[in-house]
Amino acid sequence: MNRSPTGAAAPAAILAYGGLRLSAHKQASTARPLRVASAAQHYVLPLDQHAGAPSTPRVRPGDRVLAAQPIAAPGGALSAWLHSPVSGTVSAIEPRPAPHHHGAPTLSIVIANDGREQRVEPRASVSFEQLAARELCQHIGHGGIVGLGGAAFPTDAKLLGSQLEGGPHLLLNGTQCEPYISCDDMLMRERAQDVILGARILLHALDARHCTIALEEDTPQAEQALRAALSRCHDERVRLKVVPSIYPAGGERQLISAVFGVEVPFDALPAGIGVVCHNVGTAAAIAHWIRDGQPLISRIVTVAGDGVHQPCNLEARLGTPITTLIDDCGGYTPRMTRLILGGSMMGSAMPLDTLPVTKSTHCVLAATALDLRSRTQEMPCIRCGRCSQACPALLLPQQLHWSIQAGDQNALARYGLMDCIECGCCDYVCPSQIPLVERFRDAKTLLSRTQAEDQAAVAARTRFETRQARLAQLEAQRRAKLAEKRQRLGGRPQP
């Protein structure tokens, strides 16, 4: 993957406990109100735009579909429903380039928009408080809801897997610490009521007693809107928590530490310490589904960077080509050099601008030299320790780097390579311009494969030893029976 040069051009302060203070670069995209993206002629909908198994098509080429109609069903226990964003005709079901595969093709449903905006009859509004928690979770799944923070994990599966005795503490993540990305900020500013309703629905689905909505200190408009929405609903179970604007405080484990002062063990999930984290965008999508009967057919996308004339946030239907969003922002400036999916720290370069918006698309960065940190030739590590100071996961990036060079996979496992969150902080502060994250990512793939092979070998050896023990036991039993029979016959040989 071609990752963007890490970080914006402005210098960053390294914090004593890990992480960076970065220039936000969000003023341009938040200066304009949230708008609806223009309609496109064709919508490309990958069947695997979520974690887990790809969805299974329920339509065929030539079929007419309506907006919000289910067009693909979950393809396994961990999967998600997919709905048509517009009315029109299924023109093809074929491999098409997808952003989450860095432009590589994946099986997709292509819908030709007829422009009529005909919708299926909306589901009746559901009184979520009258549903059992498990029933509510399953109903949320039928809306095609996945985590909109980027991971796109099916929400119903996450909810069903987070049922805890006494109820967990619900944490809604409204922090977008990465530069340029402001879609959640604009959502909370303009649709705070949806976020609060989604929080209340999630509380019921989890049998949870309390909810904390975390947001950054540099989003005062969002905080004001949320407090106003809370004052209208009078739900004392929901509270706000303002956290410092530190990158990458929006990471799930880092946010839990900042809000609750506890750490999630490296080999455990947040639910293991009684916390369940969801994105505020996910909560708003749940509100739309439960209250309005609208499944997940659109999401808010930040279009930012010096490479577009009018950066802003757009509500785009799933499957919308990126070019449509660029046109809605006034087109490219002459300075545009690179198109990045995501922010400047963790985003990845896109080979095409015709790729579609998916459920995990939260930012399109049209970057210029002003937006990206320039890279020079890589130099040897000088053992300055800046990468270790910046690492929010409290790892030793330089030690991992040396272990990769030595090919020592045991050391990589011992030094916690798999705990790397690939935030790019070490890249950003490295004076030797070593592409640490890129090498960590490749090494993680190799280490995962090696560990899987080792586990398979252990399992095979265990099966072999178990079989040998079983055969030995059977042979011993056969010999014992034979000896007993001979003794009963007086030791005489059988004719």
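Let me start with a rule: two rings of Phe, Tyr or Trp, taking the six-membered ring for Trp, pair if their centres lie within 6.5 Å. Hi everyone, and thanks for having me. The model we're looking at is predicted. By the pairing rule, the count of aromatic pairs comes to zero. There is still a ring to look at, though: W402 has the charged end of R383 sitting over it, 4.2 Å from the ring centre.

Now, on to the helices.

Let's begin with α5, residues 192-206, and α6, residues 220-233. Their axes come within 8 Å and cross at roughly 55°, which makes α5 oblique to α6. The crossing of α5 past α6 is right-handed. If you want to find the contact on screen, α5 brings A192, Q193, V195 and I196, and these meet A225, L226, A229, L230, R232 and C233 of α6. By class, that contact divides into eight nonpolar residues, one polar and one charged.

α6 also packs with α4, which spans residues 183-190. Here the angle is about 35° and the axes are 7 Å apart. This time the crossing, α4 past α6, is left-handed. From α4 the contact takes D185, M188 and R189, and from α6 it takes Q221, A222, A225 and L226. Four of these residues are nonpolar, one is polar and two are charged.

As for the contact, I201, H204 and A205 in α5 meet A133, L136, C137 and I140 in α2.

Most residues other than glycine have a negative phi, and most peptide bonds are trans. Where does D207 lie? D207 is in the loop between α5 and β12, the strand at 210-216, and its phi is positive, about 55°, although D207 is not a glycine. Then there's the peptide bond from Y247 to P248, which is cis, with omega near 5°. You'll find P248 in the loop between β13, at 238-243, and α7, at 252-260.

That's my tour, and I'm happy to chat.

Terms used:
Residues numbered from 1 in each chain as written. Predicted model: local features only at pLDDT ≥ 70, side-chain atom pairs only at ≥ 80, totals over all residues. Heavy atoms only, no water. Phe/Tyr/Trp six-rings, centres within 6.5 Å; stacked < 30°, edge-to-face > 60°. Lys NZ or Arg CZ within 6 Å of the ring centre and 35° of its normal. Axes fitted to C-alpha atoms, helices over the stretch in contact; angles between N-to-C directions. Helix = DSSP H or I, 4+ residues; strand = E, 2+ residues; numbered from the N terminus. Parallel < 35°, antiparallel > 145°, perpendicular 65-115°, else oblique. Left-handed = near helix turned anticlockwise from the far one by under 90°. Contact = heavy atoms within 4.5 Å. Nonpolar A, V, L, I, M, F, W, Y, C, P; charged D, E, K, R; others polar.
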